[in-house]
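The structure is shown first.

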Amino acid sequence: MKSMINIMMRDFKGLFFTPMFYFIASLCAFLLSYSYVRNLIDFAYSSGVPSAGIKYSLHQIVVVSHISITNIILIFAVPAITMKLISEEKKSRTYDLLLTSPVTSTQIVAGKFFGGLCASLFIVFISFLYPLGSLLFADIDLGLLLSSYIGISLVCAAYVAIGLFCSSLSSSIIASVIMGVVFNLALWFLSQGTVYSESDLLVSIMDHMSIGDHLFSFVKGALKFSSIVYFISACCLFVFLSGRVIESSRWR
Amino acid sequence: MISVKQLTKNYGDRCAINNLNFTIKKGEVVGFLGPNGAGKTTTMKIITGFMAASSGQVCIDGDDVYEHPLRVKSKIGYLPETPPVYTDMYVNDYLSFVAKLKKVSHNLINENIEYALLQTQLQDVKRRLIKNLSKGYKQRVGIAGALVSKPPILILDEPTVGLDPKQVAEIRKLIIRLRGKHTILLSTHVLSEVQAICERVIIITKGEIIAEDSLEDISRKSSTTTQFEVNVLRKENVLRQTLSSMQGVLGVEHSGHKFYIQVDPEKLSTENLTKAIVDSGAGLTQFKPTMNSLEKIFIELTSSEKDLQ
């Protein structure tokens, strides 16, 4: 446990206190600011237009699209943050230090996962500041907002695990970013393929594997047990796989 | 302390090391000598538990490296060819990270860091970022990292490669200071280093041990020729004839005032040779052994018949 925390703290500092992270975070903040203001303006327009008796809430218009923008940003930003986790170690040969230290590969990957998660959750935190600011002067359903952010945090954790795994596969950080983004996009778009599928079984399997559907249930305010299990098991799977990749260098 | 039995490692079809057997006793400083690609790094990586052998066994203090990796790794301080330093950290933070990684107990961490800094003389730079340090300092930070857990065994993979002569001398002094406190296995292809530091040497080439002994014993066992470079002022032809007729002189070559003389040290001592040159009245100005004997042994041992031809 101590070793894990030690590795986690080092990786968190190594990821967080770099100009690269500031750059990514400010880019995310810029994109979120742009889209959030646009959403607010959209809401202001739509609330003036009577639409067949249905009244949309601030959550439905602003927060939902804010969450989906955050998700799209995370698809790209998280691999850019986590790319360094193992690739950089391999490149700078500090990998040798980790593998010749009295720590297990599970402790190494768990430490790296939580270190990467803490850094990546900072982007989610930035995104959370916008609806939090709106709370001062608007009426947003706090419960729905929190469940949405629990959902997006879990999505973030899954992306970090995927990013960690991609990072473990290569000593090139560019390759690990590209792999990470492709993986994340694939999971996001998985449910789109179901439109053309005729098999009900296949549709339900792909729906269950798609991140989008699970996130949507959180946004609607449903903390579904199956969704929580889905995200945790995705994290465990990819962290486990990264551990195997690290372990493999011992018997290759 | 370290015992290696029938160690073999194959990378696919290529055999990196083949059936290595050696033991290193507590407190010894052993040089692991061989040309590039001989399998030195591979052997060291297996001893440190970085990777597994194809077959064979490595035991540290009686513990098998593969069976009890955690116990073994906490006893070893390892410096790979490239120092494993995080360039974005401060020297102090780095050492503290490594100490925690090596499971140094909490109240000993500061004391151990001080010890490592003192041994490697890094106190002046302990608050600097590693990326801003020169290569020699980075190397020393790497050594400090290997020392910070005060491990009984130190494994150093080419610790002086790529450094300037002053830094090389400093690192050698450092290793000499550590002698007696740690069991040290050191790989190198620089012979003078082995002569300066090590008590015992293991010579390895193409994955096999070809000699394993103390330096004196290796020199004694191999009866080789010694070569001298001699500068004289005059009478080159007379000197040439005198030398050629002497017993024990295997060859004389000369260009102008410069002579290269090959001698069998068993039959002709250096003392008699110099006496003969001085007596010839050629006016000796310089006399030096061109190739030191260990270097010769090394080349002879590590080259196959074909290479020599």
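## Interface and aromatic cluster

Arg10(A) forms a salt bridge with Asp88(B), with 3.6 Å between the closest N and O atoms; the term denotes a side-chain nitrogen of Lys or Arg within 4 Å of a carboxyl oxygen of Asp or Glu. The count between chain A and chain B is 1 salt bridge. The model is predicted, so that local features need pLDDT of at least 70 and side-chain atom pairs count only at pLDDT 80 or more, whereas totals for chains, interfaces and linings use all residues. Residues are numbered from 1 along each chain as its sequence is written, chains are lettered from A and ligands numbered from 1 in the order in which they are written, and side-chain values use heavy atoms, with hydrogens and water left out.

Chain A contributes 23 residues to the contact and chain B 27 residues, where contact means heavy atoms within 4.5 Å. About 2,300 Å² is buried between chain A and chain B, 60% of it on carbon and sulfur atoms; buried area is the accessible area (1.4 Å probe) that two parts lose on being put together, summed over both. In chain A, the most area is lost to chain B by Arg10(A), Thr100(A) and Pro102(A), which together account for 30% of what that side buries.

The rings of Phe, Tyr and Trp (its six-membered ring) pair if their centres lie within 6.5 Å; planes under 30 degrees apart count as stacked, over 60 as edge-to-face and the rest as tilted. Over all chains, the structure holds 18 aromatic pairs. Two of the pairs involve Phe16(A).

| Pair | Centre to centre | Angle between planes | Class |
|---|---|---|---|
| Phe16(A) and Phe21(A) | 4.8 Å | 40 degrees | tilted |
| Phe16(A) and Phe122(A) | 5.1 Å | 90 degrees | edge-to-face |

Phe122(A), with a relative accessible area of 30%, is partly exposed. Here buried means under 20% relative accessible area, exposed over 50%, and partly exposed in between (1.4 Å probe, protein chains only). One aromatic cluster is formed by Phe12(A), Phe16(A), Phe17(A), Phe21(A), Phe122(A) and Phe125(A).
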